[in-house]
Structures are given as structure tokens and as C-alpha cells.
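Please read them beside the coordinates.

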Amino acid sequence: MTKSAGLFITFEGGEGVGKSTQISRLADVLRRRGHDVLVTREPGGSLGAEAVRHVLLSGAAEEFGVRMEAMLFAAARSDHIEQVIRPAVAEGTIVLCDRFMDSSRVYQGVTGNLEPQFIEHLERIAVNGMIPDLTLVFDLPASVGLGRAKAREGKDAAPDRFEKEEVSTHEKRREAFIDLTRTEPERCKLIDANKAEDLVALAVLAAVDPILHEGAADEAVKGQKA
Ligand SMILES: Nc1ncnc2c1ncn2[C@@H]1O[C@H](COP(=O)(O)OP(=O)(O)OP(=O)(O)O)[C@@H](O)[C@H]1O
Ligand SMILES: Cc1cn([C@H]2C[C@H](O)[C@@H](COP(=O)(O)O)O2)c(=O)[nH]c1=O
């Protein structure tokens, strides 16, 4: 198989919506089709960003305020992009990333009440042009997602810094994620996550297939011109 162009696909949504489950299933399908695939996550995905992940999810930075947390997410994102994502996409890899800049827009921007200009400025610096080719927004009632996350972690596990917030805050996040699919319909596609795993997997493939074919068509045109 000729090497196709790399792609950057992000998975967004509230807690326990099934992102990791579907990323793993999609990665298997794409690898079977012969693609190089890298699965990664935020916050984290590079050595520096994984260190910052611990600070953020443990709640150690919470007392310093949402601006501080937003800047830590942005710092982790910048490291992750420059060390891992950009080089992988440049080599032709399909990068599947569990959460990215839209989580900052929603968690720190909308429910953290940070000024939109501040979030936009941080995003521009951190992302540095590495905008996802496609973002899948998984949608599920917040209470269902939180229930799934709790079942996954075990009833005695303590919720992390963000999981522990009010259900109404999680519902506000759900609405904000849905809004993204209205304001950026080309990039952000809504996936109904309130279905059996196999049906969600079919919806994910249906959303991803068109951009795989666009990439293949671009390569073919380049090949004809060469
Ligand atoms: N379609 C589904 N129906 C029922 N349960 C599901 C479905 N998809 C995933 N799950 C289960 O729900 C739990 C949460 O799924 P998963 O870890 O994939 O979500 P996530 O979006 O990555 O969560 P988080 O953002 O909290 O890390 C897991 O135990 C998973 O097995
Ligand atoms: C990237 C990013 C993440 N968050 C929040 C969202 C989740 O509550 C956690 C990550 O946990 P997960 O189990 O790995 O999904 O972090 C955020 O608030 N802002 C961000 O930019």
C-alpha cells in the first residue's frame, strides 16, 4: 500500500461518553487496513504533558484558579503537539487523540467562565496551527456518562478534579460540545453515544471514511502530477 498523508482526528465529549472505547476500536480497523496509527490523549501524550496531567487531574492546581489550570492545559498541549502529534502526522501517521483544544474551550472557557479572548489566545499559542482534520463529538446525557465512568472505575474510586463537579455543570458542558458542531460543522461531527458500542463504532467509521478517501484522492492527484 502506498503511504497516505497523515491525519489528525480528535475525540471530544463529557465524562464516560465512550471516547477511549471507540478510539481503540477505530485504531484496530485502521491498522487492519494498513494505516500507521498513533493513539494518544490529553492532558498527556508526551513526557512533559503526562507530568502536567497528574497535577491537573489530582486537583493540585485547583486552588490556584481556572486561569492557572487553563495555562497548564495549554502548556501540556504545546509539548504534546511539538513532541508527538506534529512529527507523527508529518510522517504519514493517523493520530487519534482523546480530547484536545475543544475540551479547553468547554471545561475552562464555558464552565470555567474564562473570557473567550483569553481562551482563544492560549489556544492559538498552544495549537500553533495544528488544527484537527476532524473532531468527533460524543453526545450522551451527563448522568449516563458519569454512571459509566463510575462503573468503569469501581464504586469506591474517588472522582477526579473535573468528574466531581455538579451534574448541572456536566450538562452545561454537553450543551457547549453540541454547540461546537453547530459553529464548526465542517470539522466537528456529532456522534450519538447513547447506543450500543457496535452502533457507535459504525457511526464513527461513517464520519471518518470520507476524510480517509479525501486524503487518498489528494495523493492520487499528486501522483498523477509527479
Ligand atoms: N456504547 C456503550 N454502551 C455502554 N457502555 C459503554 C459504551 N461505550 C463504552 N462503554 C463503557 O463505558 C465506560 C466509559 O467508556 P470510556 O472509558 O471509553 O469513556 P471515555 O469517554 O474515554 O471516558 P473519560 O473521558 O471519562 O475517560 C467504560 O467502562 C466502557 O466500557
Ligand atoms: C484536554 C482537557 C481535559 N480536561 C479535563 C476533562 C476530563 O475531566 C479530564 C481528562 O480526563 P480523561 O479521563 O482523560 O478524559 O480533564 C479539561 O478540563 N481541559 C482540557 O483541555
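This is a predicted model: local features need pLDDT of at least 70, side-chain atom pairs count only at pLDDT 80 or more; totals for chains, interfaces and linings use all residues.

Which elements do the buried residues of helix 4 pack against?

1. Residues are numbered from 1 along each chain as its sequence is written, while chains are lettered from A and ligands numbered from 1 in the order in which they are written.

2. Helix 4 covers residues 101-110; helices (H or I, at least four residues) and strands (E, at least two) are DSSP runs, numbered from the N terminus. Nine of the ten residues of helix 4 are buried. A residue is buried if 20 or more other C-beta atoms, placed from the backbone, lie within 10 Å of its own, exposed if 12 or fewer, and partly exposed in between. Among the buried residues of helix 4 are Met-101, Arg-105, Val-106 and Gln-108.

3. The packing partners of these buried residues are strand 1, helix 3 (66-90), helix 5 (116-127), strand 4 (134-139) and helix 7 (167-183). Contact here requires C-beta atoms, placed from the backbone, within 7 Å.

4. Helix 4 also provides four residues of the shell around ligand 2, the largest share. That shell has 13 residues, of which Glu-42, Ser-103, Ser-104, Tyr-107 and Phe-162 come nearest. A residue is near a molecule if its C-beta atom, placed from the backbone, lies within 6 Å of it. Ser-103, Ser-104 and Tyr-107 are also among the buried residues of helix 4.

5. Around ligand 1 there are 14 residues, and Gly-18, Lys-19, Ser-20, Thr-21 and Arg-152 come nearest. Helix 6 (142-153) is one of the elements that supply at least two residues, along with helix 1 (19-32) and helix 8 (197-225). The largest share, four residues, belongs to helix 6.

6. Strand 3 (residues 94-98) has five of its five residues buried. Ile-94, Leu-96 and Asp-98 lie on one side, with Val-95 and Cys-97 on the other. Strand 1 (residues 7-13) runs parallel to strand 3 and is joined to it by five bridges, with Phe-11 opposite Asp-98. Strand 2 (residues 37-41) also pairs with strand 3 in the parallel sense over five bridges, and Val-39 stands opposite Leu-96. Pairing needs at least two DSSP bridges between the strands.

Key:
Two residues are in contact if their C-beta atoms, placed from the backbone, lie within 7 Å.
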